[in-house]
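Welcome, and take a moment to look over the sequence and the 3D view. The short report that follows walks through a few features one by one.

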Amino acid sequence: MKSAVKIINAIAAVALSAAQAHAEVVERRVDADARGEVEVVNVAGSVRISGWERAEVHVSGNLDNGVERLDMLRDGNRILIKVVLPSDRGNAAKANLDIQIPRDSKLTTNTVSADQAILDVRGAQRLQSVSGDIDTEAWDGEFRAKSVSGDISVQGQTSKDKLSVGQVRVNTVSGDITIDNLGNELELRTVSGDMNVSARNLSRANIKTTNGDLHLTTSMQRDASIEAEAINGEINFDFDGTIDASFDIETFNGKIDNCFGPKSKQIHEHGPGTQLRFKEGEGHAQVRVKTLNGDVGLCK
Amino acid sequence: MSNNTGKLDRALSSLPRDIEPSRDLWPSIRANLDRTPETTRRPALGTTTKLAAGFVLLVASCATTYWITRASMQSATATFATTDGNAVIAEYLRSRAELDRLFAERIAALPPKTRAKLESNLADLRRAENEIVAGLTRNPSDPLLHELLMSTYQSEAQLLADVSEIFAVDLPRKKS
């Protein structure tokens, strides 16, 4: 048995070194605008992007032998980095790219199965993937991320005394969404991904899920508006800080669990539908939750 | 109710028909357009995207109208909103076979696992729609069900539009 394992390991090692031997190593550099735009397109493999202080874009990495070429084109203040594959090839050859861009660049990415890891890029981000995961940090710029089955993880990086990132929009089909330390405005959509969100000082949130669960931990601005909707997913809120909000919770078949005290009531004497309306403090902020079958939990 | 309608009519008629900007905005818009060169040639919007995106907007607008009017006028407007929403939904359902065909065509180049996930999530949305419709047959005037149905159709249209948009990356085509 042990010798069989050794043989398999040896074959794997030979296959790996053969594959590496076929990989083309690339390195490119181009001057860039400190606040320009960078777009990265890669079908498979990986993309690591980090912000730096230089007004320059640097790309290094390796391309499988199935990759046709790596394009790096500059047009005004925009730079396109694109892994080009032969159009007639059925399987997606991989490219692993390590990219440095000016820290305040506006970044756009587009990948299929390639994972994206992004660090210290402080301009607006517009990220898209089919099945690759996206792991990034968000600063003060506008933030958009979209994926089909890849998970999206966003870490807010603003300082404690400052309101967090502006507008954040994240959309997945089945990928999970993890958001930490972001605030102000959130728009989140998923069909079956689970959402775990920790926000500070939310002013507006609009969250929709079909089957995925939502767990939101947040504090709210005085006139905040938080809306969440689910079909089968569970919605759970944990509120931090002083709560001064009106709550309007309604579910067709789900249950409502409320740590604030007031109990939910049946909408119709005979038939489905449960509603919970109450005020905490003076009721300045608005929290509105609707579900079909999903349970709702409110706590502080 | 009629008192509310009167108030709303008076408030609407008091709104100005148009608002002049405080200064001429065109020169700065023009300058911005000139400063934005196209580095990458974006694929033209496909039929699926246009169709599905159109429905996303229509359904969103209906849902918004419904929500606003529901908040101020309660049940009497539900009939209006439902009729309005039904027209959008009927139009959407008429086009759905074509959207499905384009969707299947679009996802054919994806890895089988991703394709299966997309198909299963689309099926989840349709199961949810069927469940809500079944609920509505038993509780036809339930405003929550109307709202959730509209929203679920919007999610479905959004999914179809997203699949089209995500093809901005040139996927390798399988050899025939």
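## The disulfide

Counting as a disulfide any pair of cysteine sulfur atoms within 2.5 Å, there is one over all chains. Cys259(A) and Cys299(A) form this bond, with an S to S distance of 1.8 Å. The pair brings together distant parts of the chain, 40 residues apart: Cys259(A) sits in the loop between β21 (256-258) and β22 (265-266), and Cys299(A) in strand β25 (residues 296-299). The torsion about the S-S bond is about -50 degrees, so the disulfide is left-handed.

Cys259(A) has a relative accessible area of 41% and Cys299(A) one of 22%. Both are partly exposed, a class lying between buried (under 20%) and exposed (over 50%), with a 1.4 Å probe and protein chains only.

## About the model

This is a predicted model, where local features need pLDDT of at least 70 and side-chain atom pairs pLDDT 80 or more, while totals for chains, interfaces and linings use all residues. Residues are numbered from 1 along each chain, chains are lettered from A and ligands numbered from 1 as written, and side-chain values use heavy atoms, without hydrogens and water.

## A helix in chain B

Helix α6(B) covers residues 143-165, and 20 of its 23 residues are buried.

Helix α5(B) (residues 112-138) packs against α6(B) at an angle of about 160 degrees, their axes 9 Å apart. The two are therefore roughly antiparallel (angles over 145 degrees).

Key:
Helix = DSSP H or I, 4+ residues; strand = E, 2+ residues; numbered from the N terminus. Expected span 1.5 Å × (residues − 1). Axes fitted to C-alpha atoms, helices over the stretch in contact; angles between N-to-C directions. Parallel < 35°, antiparallel > 145°, perpendicular 65-115°, else oblique.
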